[in-house]
Amino acid sequence: MCGIIGLLLADENQFVNQLLVDGLTVLQHRGQDAAGMVTAERRRLHLRKDNGLVRDVFHTHHMMELRGNVGIGHCRYPTAGSSSCAEAQPLYTNYPYGICVAHNGNITNTQELTEYLQDTVGRHVNTESDSELLLNLFAEALTKQEKGISTTDQIFKAIAEVMGKCIGGYAGLYLINGIGLVSFRDPHGIRPLVFGCRKTGSSAKNGNTVPASPARMGSDPQVDYVVASESVAIDTLGFDLVRDIKPGEAIFLDMNTGQCHSRVCHPNPTYTPCIFEYVYFARPDSIMDKVSVYESRLKMGEKLAEKIIRLYPDHGIDVVVPIPDTSRTCALQAAYRLNRPFREGFIKNRYIARTFIMPGQETRKKSVRLKLNTIKSEFAGKNVLLVDDSIVRGTTGHEIVQMARDAGAKKVFFTSAAPPIRFPNIYGVDIPTREELIAYNRDEVEIAAKLGSDWVVYQDLADLEDSVKCLLPPGHSLKDFDTSCFSGTYVTGQKIGDEYFEKLYNKRNDKAKQMRESRSSSVLSSASSLSLTRMAMQSNDGAEAISNDKRSGYSSDDGCESLTNKTGKAR
Ligand SMILES: O=P(O)(O)OC[C@H]1O[C@H](OP(=O)(O)OP(=O)(O)O)[C@H](O)[C@@H]1O
Ligand SMILES: NC(=O)CC[C@H](N)C(=O)O
Ligand SMILES: [Mg+2]
């Protein structure tokens, strides 16, 4: 579940680089594996990306090269391809114009799209990254646009073509060199994307009100714009949240006029966002689809407590303990509803990041112990209810139950704010294989045995959905969610059959991923040795100016070499 952010500042002399770094830092919880940004300075693009956390990727000497008043940034949690830094984003293609993409989500018809791009239109696809396909599809669609219509129309038509071809979950940003920034959300709105602005210069001093819609914003060149995965980035940067980008909508920010244009580019969008954003991915202080994530988690806690009371009226719980971090909001309200004390029985090491989105089961397992430690007095001799937001592979739950017992708990009960996860997620959460899921082919009693707890209670799906729906403002067009990992129903509607899951399993089970990583790192190191001979590449101490030359195919970042997608059309 990556984090994406794009900015256009009204003043050409201002740089977006620091705002992008700050925004990405706030979105870090969505992707910890790699980070990157590209900025546009007049007709020159500057790119920096690498594996690592945002704070490790951007150093002062990179920032000095990342000039320009428009740019996009990305922090990555890989769900396709490898985690090689060649697949870190933004990705770039030099034809037409010079285009970069930052993408959150996952595309499911990648085979068909790769065949179309390679065999039908002759564009080179160099990796298994689905984002590379998204980039090339847009580039191809723009190339084909008829002359004589406005650039704005060309862009929206190209986005419509991309949406017509891509199946899956995607929220994305394209930076088009010399033209502007395009943001878009898939026709189901599976992945989130919000839009904000702030007044600048004289318009800020005159106290103009923040425009309520992009159409109005189009008339005010004194406005800075931001688009981000979550509103928390908009708040932190000092912008005002305007609204969610609608399913199937694109917003084009013209860097030459400062104007903002929006259009719904899909003939029949439906509003079915991924409910797992509310459960786990999003920060609680974000507003998504007009709903406060924090409040939805309080509701989840309340409904969970009611279910526990229904199932175990004499539960005998002495204390309610959250499993930090994400479950805290939900556990707080569950304790309140159960009328039992809420206690911080586990202390989180603030230097260990989220474990579920770490690559590899061994790393995840080890990290749980490094991340959490017990306050023994909260467990000794007590019946403890442990609350987590979700149980996926059971890595956290298994370790935590044992730690609670080691700390002297009499009984350990376990509850999850989300229903059992029994199906793969194919839209941008890396839950690719059923066999890895603790709830696959197991009922609650078997799961409790596996976790080592006395019992386990899961939220009902209807209650989870209600926890968000009851907070929607009247008349909101969201009627349903993508709940596929709980229900097995996939909102994009195409047939997701056994063959698809088998392929997914073969590509993305832990072992296959490990093998791919070791392969791609050896390819990368041999690619690095090419850097002395390549042509038309300009490297600037890590941050790189990308050539517009259609022939050039390379970029380099401190030894991070990407042969991805730079060769223009190979007709
Ligand atoms: O059953 P599992 O496979 O262990 O996955 C589920 C756990 O992973 C997540 O925590 P994570 O540590 O990623 O993030 P958090 O600190 O935000 O809770 C989630 O909140 C659960 O605790
Ligand atoms: N988590 C995501 O949104 C991943 C985006 C894209 N599928 C990638 O793997 O890079
Ligand atoms: Mg957790």
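Helix H11 passes helix H16 in a right-handed crossing; a crossing counts as right-handed if the near helix is turned clockwise from the far one by less than a right angle, and as left-handed if anticlockwise. Helices here are DSSP runs of H or I with at least four residues, strands are runs of E with at least two, and both are numbered from the N terminus. Two packed helices are described by the angle between their axes and the distance between the axes. For H11 (residues 293-311) and H16 (residues 461-469), that comes to about 145° and 8 Å. The axes are lines fitted to C-alpha atoms, for helices over the stretch in contact, and angles run from 0 to 180 degrees between N-to-C directions. On the H11 side, the contact is made by Ser296, Lys299, Met300 and Lys303, and on the H16 side by Asp463, Leu464, Ser467 and Val468. Being in contact means that the C-beta atoms of two residues, placed from the backbone, lie within 7 Å. By class, this contact has three nonpolar, two polar and three charged residues. In that scheme Ala, Val, Leu, Ile, Met, Phe, Trp, Tyr, Cys and Pro are nonpolar, Asp, Glu, Lys and Arg are charged, and the others, Gly among them, are polar.

All of this comes from a predicted model, in which local features need pLDDT of at least 70, side-chain atom pairs count only at pLDDT 80 or more, and totals for chains, interfaces and linings use all residues. Residues are numbered from 1 along each chain as its sequence is written, while chains are lettered from A and ligands numbered from 1 in the order in which they are written. The predictor's confidence in each residue, pLDDT, goes from 0 to 100. Its mean over the protein chain is 87, with 84% of the residues at 70 or more. Residues 206-216 fall below 50, and this stretch has 12 contacts in the model beyond near neighbours in sequence. Residues 547-571 are also below 50, but here the contacts beyond near neighbours in sequence number 81. As for the model's scores, ipTM is 0.98 and pTM is 0.89.

Next come the sheets. One is open and has four strands, paired parallel in the order E16-E19-E20-E21; two strands pair if DSSP finds at least two bridges between them. Its edges are E16 (319-322) and E21 (455-458), each of which pairs on one side only. From one strand to the next, the twist averages 25°. E16 is joined to E19 (residues 383-388) by four bridges, and Val321 stands opposite Leu386 in E19. Helix H12 (residues 328-338) packs on this sheet, touching E16 and E19, and its direction makes about 170° with that of E16. Helix H14 (residues 395-406) lies across E19 and E20 (411-416), running at about 160° to E19.

A residue is near a molecule or strand if its C-beta atom, placed from the backbone, lies within 6 Å of it.

E6 (99-107) and H5 (130-143) each supply at least two residues of the shell around ligand 2, and E6 gives the most, with four. That shell has 16 residues, the closest being Cys2, Pro78, Thr79, Ala80 and Asn104. Five of them are nonpolar, nine polar and two charged, counting the whole shell.

A few backbone details round out the picture. Most residues other than glycine have a negative phi, and most peptide bonds are trans. The bond from Gln89 to Pro90 is cis, with omega near 5°, and Pro90 lies in the loop between E4 (70-76) and E5. The bond from Tyr95 to Pro96 is cis as well, with omega near 0°; Pro96 sits in the loop between E5 and E6. Lys290 has a positive phi, near 70°, in the loop between E14 (287-288) and E15 (291-292).
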